[in-house]
Amino acid sequence: MASINVTEMNSVQLHQSRMAMLSESIKSIAFKKQQITKEYEKGDEVEVASQELGFIGSYYAATIICSTGDDYYRIKYKTLLTDDESEPLEDVFSATELRPVPPHQHEKIPENGFRLYDMVDVFDNDGWWFGFISARVGDEYYVYFPTTADNIAYPPHLLRIHQEWSNGKWIFLP
């Protein structure tokens with residue numbers, strides 16, 4: 001029988017434990033509605049947090065067209081198109097499904113890149129998807145998406161550090 005390396009076993013268990021903890025944290029964030037802390041105006045740039053099954057945990061860039069009353073806004077997507085692909089898709093959303101666009105943050109990314117377990121957004125399928133770094137292989141980062149259970153490799157230029165809009169300001173999650 002082969003001997004079991006206790007250090008390796010503990011390391012695997014620790015990794016699995018951290019993956020499970022981060023997955024639950026991300027799911028709780030992805031399924032919650034935004035606090036209404038801001039009134040939007042025509043022309044404001046926002047991100048729409050999808051609450052559609054299979055898309056939960058994704059954000060899509062849009063522009064406010066107008067308020068429709070009672071904290072609802074008509075938006076025009078920047079990357080999603082109508083069924084015939086002739087023009088940008090428009091829709092109406094509650095302010096609880098909108099957030100301002102996060103500030104640009106390339107200067108906040110460490111020189112040596114992202115670290116294991118960093119919470120990140122990945123630009124894929126026309127939107128930003130919320131997950132965390134599960135591994136690094138060569139120049140690519142594997143990102144695990146708890147809301148879809150996918151683990152996919154991406155080059156670093158498609159990643160950004162995840163930020164949450166909370167109480168009217170942007171915060172980085174630990």
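In the predicted model, the charged end of Arg99 sits over the ring of Tyr59, at 3.8 Å from the ring centre. A further arrangement of this kind involves Arg160, whose charged end is placed over the ring of Trp128, 4.0 Å from its centre.

Because Phe114 belongs to the loop between β5 (98-100) and β6 (119-124), whereas Tyr141 lies in strand β8 (residues 140-145), the pair ties together parts that are 27 residues apart in sequence. Phe114 is buried, its relative accessible area being 6%, and Tyr141 is likewise buried, with a relative accessible area of 2%.

A pair with tilted geometry is formed by Trp165 and Trp170, for which the centre-to-centre distance is 5.2 Å and the angle between the planes is 55°. Trp165 has a relative accessibility of 11% and therefore counts as buried; Trp170, at 19%, also counts as buried, given that the category requires a relative accessible area under 20%.

Beyond these two pairs, aromatic residues are also grouped in a cluster, in which Tyr60, Tyr77 and Phe93 take part together.

Terms used
Residues numbered from 1 in each chain as written. Predicted model: local features only at pLDDT ≥ 70, side-chain atom pairs only at ≥ 80, totals over all residues. Heavy atoms only, no water. Helix = DSSP H or I, 4+ residues; strand = E, 2+ residues; numbered from the N terminus. Buried < 20%, exposed > 50% of the residue type's maximum accessible area, 1.4 Å probe, protein only. Phe/Tyr/Trp six-rings, centres within 6.5 Å; stacked < 30°, edge-to-face > 60°. Lys NZ or Arg CZ within 6 Å of the ring centre and 35° of its normal.
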